[in-house]
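Good morning, and thank you for coming. I would like to speak briefly about strands and how they pair.

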Amino acid sequence: MRSDTLATHLGRDPDENYGMVNPPVYHASTVLFPTVEKLEETNRRRLESGHTHYGRMGTPTSFALEEAITALEGGHGAVTASSGLAAISLALTACLESGDHALIPDTAYGPTRTFCDQVLSKYGVEIDYYDPLVGAGIEALLKTNTRAIYLESPGSLTFEIQDVPAIAEVAHKHGITTLIDNTWATPLFFNPLNHGVDIAIHAATKYIVGHADAMLGIVVANQQTYPAIRQNAVRFGHCAGPDDIYLALRGLRTLPTRLRHHQDQGIKLAKWLNQRPEVARVLHPALEDDPGHTLWRRDFSGASGLFGVLLNDYSYAAVTAMLDGLKLFSMGYSWGGFESLILPVDTNTTRSATEWGAKTPLLRIHVGLESLLDLQSDLEAGFERLTDDRYR
Ligand SMILES: *Cc1c(COP(=O)(O)O)cnc(C)c1O
């Protein structure tokens with residue numbers, strides 16, 4: 001079945017639930033066993049997915065979301081965590097140990113970098129950052145102790161598309177585990193496990209929850225890596241809240257519809273911005289002149305609503321006036337909700353292996369579900385403030 005159908009039906013079973021369309025939310029710590037035999041059996045099965053003997057090991061609520069995202073990603077199993085970042089740290093620590101070397105793309109989400117630099121390195125993992133555009137050339141960066149290659153495509157803030165299959169192939173040849181942050185595309189627009197990646201990670205906080213009202217992460221793994229992921233989650237005590245998981249299950253039902261609209265509005269707004277005299281470049285892989293377009297077209301089946309806008313050379317005061325006066329585009333972290341967001345971003349402090357050549361202001365836009373005409377008017381008024389002679 002296709003993903004629209006799967007997103008609608010996976011992870012719920014009305015027949016098991018008085019005919020109710022949606023599954024109940026299980027709030028649980030203690031799980032009771034009627035006999036010693038049952039108690040012992042449950043201990044033997046403790047790491048199996050869909051099995052629980054204590055609230056921390058999961059509930060039917062978490063299993064439902066895990067089952068749904070696993071199927072959408074084409075994985076073997078999944079584990080939920082309390083945030084996207086918790087999912088990332090759980091996945092990386094499952095694959096790495098002291099003395100290992102890991103390769104991280106220079107465009108990785110900032111807190112992922114911080115986790116690598118401040119936590120993994122403290123436990124003796126050697127970290128190197130690599131040019132996200134390296135492709136098969138990543139082979140030259142491998143060391144004898146390289147155990148993990150991390151990917152994120154498109155890259156945070158600057159939206160470079162990676163050659164995921166080429167990197168995964170090199171990793172396979174050398175027995176190295178690959179992990180990818182797939183938050184931007186969601187399981188609907190890119191399935192990295194079908195392109196040779198071992199582990200896909202989602203900040204479900206973004207599009208899957210989709211309403212800016214919950215924090216949640218999910219790790220989807222193939223057969224080979226799933227046991228280590230599950231075990232690591234259990235050992236670290238990862239345990240997402242049932243109400244937040246329910247919000248992700250609810251968000252999932254409308255994800256295909258929302259995402260197509262985010263995509264549609266995003267591409268239209270990106271094209272409109274590309275024509276504006278105030279804009280130097282729009283960073284959006286679905287635009288034909290984007291450097292990542294060919295790879296995006298080859299591997300992805302869609303684009304979400306998050307992209308970058310590189311402005312021409314305007315002063316800090318001008319950009320501030322533009323952003324402060326916007327009525328519909330709010331400033332705030334996160335993205336993937338129904339509302340439009342805008343953020344000034346600084347790429348020069350977040351790189352070490354590559355240079356972001358551009359020196360002019362960069363904005364990150366998340367296109368929400370408002371009317372595109374209203375969004376354009378809001379930006380148009382913003383551009384008037386941007387080009388106001390007072391801020392030259
Ligand atoms: C937001 C985000 C995360 C982290 O998710 P949280 O739920 O905020 O911890 C990870 N990766 C990317 C690409 C993100 O944008």
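Predicted model: local features only at pLDDT ≥ 70, side-chain atom pairs only at ≥ 80, totals over all residues.

Residues are numbered from 1 along each chain as its sequence is written, and side-chain values use heavy atoms, with hydrogens and water left out.

Helices (H or I, at least four residues) and strands (E, at least two) are DSSP runs, numbered from the N terminus. Two strands pair if DSSP finds at least two bridges between them. Buried means under 20% relative accessible area, with a 1.4 Å probe and protein chains only.

Let us begin with strand β4, residues 146–152. Six of its seven residues are buried, so the strand is largely enclosed by the rest of the structure. Strand β2 (residues 101–105) pairs with β4 in the parallel sense over three bridges, and here H101 stands opposite T146. Strand β5 (residues 177–181) also runs parallel to β4, joined by five bridges; Y150 has L179 of β5 as its bridge partner.

I turn now to the other sheet. Four strands form an open sheet in the order β8-β9-β11-β10, with antiparallel pairing. Strands β8 (279–283) and β10 (341–345) stand at the edges with a single partner strand each, so one side of each lacks a neighbour in the sheet. Five bridges join β10 to the antiparallel strand β11 (residues 362–366), where L343 stands opposite R364.

Methods:
Buried < 20%, exposed > 50% of the residue type's maximum accessible area, 1.4 Å probe, protein only.
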